[in-house]
Amino acid sequence: MALVLNEEQQMLRDSAKTFIQESSPVSALRDLRDSGEEWSPELWNNMAEMGWTGIAIAEEYGGLEFGYVGAGVVQEECGRTLASSPLVSSAFVCASLISALGNDDQKASLLPAISSGESIFALASSESQRFDPLAVTMAAVPEGDSYVLSGTKVHVIDGGICSNYIVVARTGGNAGDSEGLSVFVVAKDADGVGCQSSLNADSRIAATVSFDEVRVDKSALLGDPGAAWQALQRAMDIGAVLSAAELLGLADEAFKRTIEYLKDRKQFGVVVASFQALQHRAAQLFCELELCRSTVLKALQALDEDAESRSRLASAAKAKMAKTAKLAVNEAVQMHGGIGMTDEFDIGFFMKRAAAACQEFGDYYYHADRFARLGGY
Amino acid sequence: MADLNDFREQTRAWLEENCPPLMRQPILSEKDPWWGGRKAEFLNEDQRLWLERMAERGWTAPQWPVEYGGGGLSREEAKVLQQEMERILARRPLESFGIDMLGPALLKFASEEQKQRFIPEIVRGEIRWCQGYSEPNAGSDLASLQMRAEDKGDHYLLNGSKVWTSYADQSDWIFCLVRTDFDATKHQGISFLLFDMESPGVSTNLIKLISGNSPFCETVFENVRVPKENLVGELNKGWDIAKYLLTHEREMIGGFGLSKTGEDSLSQAAARKLGLANGRLSEGGLRSDIAEFEIDELAFASTVERVIDEAKAGQGTGAASSLLKLYGTELNKSRNELLMSIGGSAALQWGEDGTTTLAREWLRSKGNSIEGGTSEIQLNIIAKRILGMPG
């Protein structure tokens with residue numbers, strides 16, 4: 001496959017850019033923060049109307065079956081304006097788990113509502129502060145026709161606004177084992193579910209979700225008991241690559257704003273963009289961003305092809321992007337000087353969102369280590 | 001697409017049948033590749049056959065027009081040929097500055113007569129070319145070059161010297177930047193000349209590098225007569241040709257950032273030499289530096305792929321050569337640094353002059369970010385031409 005966007009993907013990018021710049025500029029995130037609202041249902045409805053919630057869902061379940069390159073294109077544009085929505089959680093990551101593990105009935109009852117935006121799913125997986133999808137201890141104990149779930153999940157993104165959780169729990173094995181992981185659908189309002197939202201540095205909200213002997217029917221289990229790891233790995237790859245796509249838009253936008261600022265700001269009687277010390281750093285960052293763009297697109301294509309190299313490319317993309325995004329926002333604040341430190345100016349929002357997005361689905365260190373492991377060293 | 005699949009099948013079959021066994025072995029020394037020219041001798045029969053067979057189809061220069069001996073392939077077909085050659089670890093049949101640098105410039109700027117005369121012999125590897133660009137006082141500031149070419153009616157008379165002329169001692173002809181207008185501003189008075197290195201008045205001296213080897217020369221020109229028909233393009237407009245050619249040179253040098261076909265990756269080399277414990281390299285710092293390098297290497301290879309595909313799809317930014325030159329050469333330097341660390345004391349072995357030990361290659365790689373325009377010059381170009389930063 002040629003490493004370029006095809007015509008359809010370019011059209012999606014153009015329409016996504018126009019839509020998101022108009023309906024959710026950076027000021028929308030600021031307004032959300034200042035008002036204390038957890039999210040914007042209006043933006044979500046508009047995204048659903050645009051069809052974005054169905055991009056990665058099969059046509060037979062009401063989706064567009066457009067693929068992950070399309071999802072990445074949309075995420076990149078969302079990253080540019082820091083638009084906040086449960087798109088990745090619900091329509092891309094949780095939908096992939098249901099598609100991969102669910103039986104026909106489960107898919108028919110769950111996917112159309114995700115595709116239409118009516119239901120919002122959040123992934124309740126992490127139990128540790130640093131990303132580690134195998135470090136799950138939460139137990140799912142079979143009892144008659146039910147499973148009983150007990151444990152606590154941390155940093156559940158969109159956990160406060162969703163309608164359902166996809167919960168990763170153990171029906172076997174111990175923390176660190178890939179065997180024994182199972183995936184359940186649990187309604188947010190089920191008995192025994194407790195949800196505590198908290199505000200993060202990026203002005204977004206994540207939840208700590210507790211499960212106190214939550215009883216679910218056996219039909220809530222997706223796939224065979226204890227056999228979810230393969231699908232989970234793929235879902236985590238999807239999450240990692242799409243968070244890399246968001247970071248690509250974010251870093252590119254922070255970079256563009258910085259270059260514009262350098263061309264505008266005068267000191268010593270000249271624009272500061274004329275200083276070679278700044279020019280070389282800007283040029284270096286430009287190169288890093290170009291390399292990121294190639295790697296992210298390569299990884300997105302590998303998701304669509306479900307290539308053998310998928311996981312390795314996903315880790316390369318997230319690692320490269322996380323490192324570069326940090327460089328981009330650090331350079332952005334430094335090159336903006338004092339004004340970059342003020343809350344009134346937008347560039348700080350880019351730095352804060354980058355820090356959070358770098359961690360989602362694994363940061364640089366996690367993915368560099370995984371890249372090496374998958375490479376046999 | 002169906003045509004491309006047919007082309008792949010035919011190419012695969014042809015390569016299987018025609019690429020001799022010795023030409024499917026990794027390149028181990030600087031002496032292994034075939035550079036062609038009047039002075040060269042084939043290392044073995046396989047090398048001769050491989051060149052002959054590939055040149056006959058024009059596949060030493062796959063995308064050049066058939067009328068000048070090229071392969072006439074589309075970008076897509078050339079990519080397929082490249083992939084199929086890599087698949088069987090086939091060597092490039094001909095290494096050539098004629099192909100990588102001069103040819104594209106001739107195709108764009110030369111007269112029909114010049115194309116007919118020079119391009120077919122480049123394709124067949126009959127003439128080895130060297131590049132006369134840098135001078136002792138014109139390095140990064142290339143356009144300040146001083147070598148003179150005076151108009152003597154039916155010929156130009158050349159005086160001056162060039163430096164860093166790669167393999168000048170082994171080359172047959174030179175493409176050379178000379179000053180033909182001594183009053184104009186520095187970019188305006190430069191012309192692009194071709195001439196035979198056997199012309200009276202040409203002499204070469206090898207320059208010994210920190211690697212102990214001498215791939216470069218200082219080349220001196222004393223009253224060298226060059227026929228006027230050897231001027232490429234217009235008089236005093238040579239700088240345009242020089243810049244065009246430099247973009248091809250940068251892409252070639254930037255290609256050093258790609259790992260060579262059939263060669264161990266860094267991590268494979270490390271695992272082989274140092275061993276693994278629980279499936280991992282035991283030195284954590286080295287392991288993470290190798291991972292960082294290999295992620296960058298993959299990102300770079302993807303970027304080369306994207307640049308080619310974008311050009312094909314007409315989406316190119318046209319600014320890629322500086323980026324590839326900068327990043328590729330810095331990567332190659334990192335690769336060599338890591339290879340030295342992996343090799344430990346064994347990597348310090350110096351060996352005989354003229355051999356390619358690890359230590360010598362490591363030292364040679366330091367020149368990658370200097371030759372063909374330093375990394376700092378590439379950063380200047382990116383800042384000014386792509387990012388539009390002033391001054």
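Ala139(A) is found in strand E2 (residues 139-143) of chain A; helices (H or I, at least four residues) and strands (E, at least two) are DSSP runs, numbered from the N terminus. This is a predicted model, in which local features need pLDDT of at least 70 and side-chain atom pairs count only at pLDDT 80 or more, while totals for chains, interfaces and linings use all residues. Residues are numbered from 1 along each chain as its sequence is written, and chains are lettered from A and ligands numbered from 1 in the order in which they are written.

Ala139(A) counts as partly exposed because it has 15 C-beta neighbours inside 10 Å. A residue is buried if 20 or more other C-beta atoms lie within 10 Å of its own, exposed if 12 or fewer, and partly exposed in between, with C-beta atoms placed from the backbone. Leaving aside neighbours within four places in sequence, Ala139(A) is in contact with Ser150(A), Gly151(A), Ala169(A) and Arg170(A); contact requires that the C-beta atoms of two residues, placed from the backbone, lie within 7 Å.

E4(A) has two pairing partners to consider, where two strands pair if DSSP finds at least two bridges between them. Strand E1 (residues 121-124) of chain A pairs with E4(A) in the parallel sense over four bridges, and Leu123(A) has Ile166(A) as its bridge partner in E4(A). Strand E5 (residues 181-187) of chain A pairs with E4(A) in the antiparallel sense over seven bridges. In E5(A), Val183(A) is the bridge partner of Val168(A).

Chain A as a whole is divided into domain 1 (7-115), domain 2 (121-227) and domain 3 (230-374), with bounds that come from an automatic or database domain assignment. The centres of domain 1 and domain 2 of chain A, taken over C-alpha atoms, are separated by 22 Å. Between them, 18 residues of domain 1 of chain A are in contact with 17 residues of domain 2 of chain A. On the domain 1 side, the elements giving two or more residues are helix H2 (26-35), helix H5 (87-101) and helix H6 (104-115) of chain A. H5(A) supplies the largest share of that side, seven residues. The residues of this side divide into 11 nonpolar, five polar and two charged; Ala, Val, Leu, Ile, Met, Phe, Trp, Tyr, Cys and Pro count as nonpolar, Asp, Glu, Lys and Arg as charged, and the others, Gly among them, as polar.

The interior is described next. A nonpolar core is a set of buried Ala, Val, Leu, Ile, Met, Phe, Trp, Tyr and Cys residues joined through C-beta atoms within 7 Å. The largest such core has 160 residues, of which Phe184(A), Val241(A), Leu247(A), Val296(A) and Ala299(A) touch the most other members. H7(A) gives the most to this core, with 19 residues. Not counting residues up to four places away in sequence, Val296(A) touches Gly72(A), Val241(A), Ala244(A), Ala245(A), Leu248(A), Ala317(A) and Met321(A). Apart from this core lies another, of 62 residues, among them Met85(B), Tyr156(B), Phe192(B) and Ala242(B).

Between the chains, 30 residues of chain A are in contact with 35 residues of chain B. Helix H7 (229-264), helix H8 (276-305), helix H9 (310-336) and helix H11 (364-374) of chain A each give two or more residues to the chain A side. H8(A) contributes the largest share, 13 residues, and the side divides into 18 nonpolar, eight polar and four charged residues.

In chain B, 18 of the 24 residues of H9(B) are buried. At 1.5 Å a residue, the 24 residues of this helix (residues 320-343) should span 34 Å, and its end C-alpha atoms are 34 Å apart, which agrees; the expected span is 1.5 Å times one less than the number of residues. Just after H9(B), Gly344(B) takes a positive phi of about 60°.
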